[in-house]
Amino acid sequence: MAARESRIWTDIDFERDGKQTGFLRLPHSVHRSAYGWLPIPLVCLKNGSGPRLLLMAGNHGDEYEGQVALCKLIRGLEADAVRGRIIILPMANFPAAAAGRRTSPIDAGNLNRSFPGDPDGSPTAMIAHYIESVLMPLSDVLVDLHSGGSSLMYLPTAMMYRGDDPAEAARNREILEVFGAPHGLLFGRESEDRMSESAARRQGLTAVLTELGGSGTVTPAILALAERALRRVLAHFGALADRDTAPEATPTRLMEVAGADYYCHSPDDGLFEPFVELGDSVAAGQPAGAVHFPETPWREPSLATFERDGLVICKRIPGRTRRGDCLFHLASDLAVPG
Ligand code: CA
């Protein structure tokens, strides 16, 4: 069976040199607008042949650092400063990003659980399909900028696949060091195949991912880090005409999240009192927080406990919590084999 083509179209010509700004147009026929389309902003910078990068944010619409960093990059970069092609998609799940929500208010779609998508599916599925079947084959490198969104806060972290062989492992560790976030996570083969990283793997791209911050806001220091890191990553892949425009990297602590026991979830519905902060080192068996019951305030709170040693790199932000919500997750220093 022939692959079905996307119904999304654009007047941007990905093969044309220069800086083009515009929209992916996703047909959206609704009561308010019979023949309308959703305008997904997209920029293409091309200057001859060379490296091919796809920069993306707003995969989750309530993760703002990457969206702002890409807005600033778009306005600060002209085609003559580029080598090859950079495609920039700052509001990947446009309906979600426009609403400032993780998922799309149109179809409740979580773009990062929607790959490889469906050209005849919901808007979120159509976007996933377009990214994987059109934009990724035009690219060699994906940079997908995530953060903790509304419900989580991360220590600024970049993430790469651990690598299938020593050469790939060394290349990916180098990219984490080039990115220069305080923490660099190396991950293994996950069972989850609906994420942009899995799509990038299927399409043969190198994927650079982040968890930049979160809390449903933008933090100046983390934004500045993201802006500098983007320049360095572009320079690293040879996509900037002048390599000297990329500022120096700061040291990265290489870490891993190697199992379910790195995550601490709420044992109950209630009000979350954290006992530790981001950046704390914790030990197995240490209480992580309490869940209080203000509707029955005389009831003893439930305790959440860390199952292993580690560094707290992610923390839940909202106070109200439900059983099963992620309260914290840990990372540990990378165990270097041999
Ligand atoms: Ca995310």
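Guide: Start with a cut-off: a residue is exposed when its relative accessible area is over 50%. Keep in mind that this is a predicted model.

Visitor: What makes glutamate 295 exposed?

Guide: Its relative accessible area is 56%. The cut-off is over 50%, so glutamate 295 counts as exposed.

Visitor: Why is arginine 320 called partly exposed?

Guide: Arginine 320 has 45% relative accessibility. Buried needs under 20%, and exposed needs over 50%. The value falls in between, so arginine 320 is partly exposed.

Visitor: How do you know that glutamate 295 and arginine 320 form a salt bridge?

Guide: The closest N and O atoms are 3.1 Å apart. The limit is within 4 Å, from a Lys or Arg side-chain nitrogen to an Asp or Glu carboxyl oxygen. The pair therefore qualifies. Glutamate 295 sits in the loop between strand 14 and strand 15, and arginine 320 in strand 17, so the bridge ties together parts 25 residues apart in sequence.

Visitor: What makes arginine 85 and glutamate 15 a salt bridge?

Guide: Their closest N and O atoms are 3.4 Å apart. That is within 4 Å, so the label holds. Arginine 85 is buried, at 5% relative accessible area. Glutamate 15 is exposed, at 53%. Arginine 85 belongs to strand 4 and glutamate 15 to the segment before strand 1, so parts 70 residues apart in sequence are tied together.

Visitor: Which residues are linked in a network of salt bridges?

Guide: Arg4, Arg7, Asp118 and Asp120. Within that network, aspartate 120 bridges to arginine 4, with the closest N and O atoms 2.8 Å apart. Aspartate 120 is in the loop between helix 2 and helix 3, while arginine 4 is in the segment before strand 1, so this pair joins parts 116 residues apart in sequence. The whole structure holds 20 salt bridges.

Visitor: What does isoleucine 131 touch?

Guide: Its contacts include Leu54, Met56, Leu89 and Phe115, leaving aside residues up to four places away in sequence.

Terms used
Residues are numbered from 1 along each chain as its sequence is written. This is a predicted model: local features need pLDDT of at least 70, side-chain atom pairs count only at pLDDT 80 or more; totals for chains, interfaces and linings use all residues. Side-chain values use heavy atoms; hydrogens and water are left out. Helices (H or I, at least four residues) and strands (E, at least two) are DSSP runs, numbered from the N terminus. Buried means under 20% relative accessible area, exposed over 50%, partly exposed in between (1.4 Å probe, protein chains only). Contact means heavy atoms within 4.5 Å.
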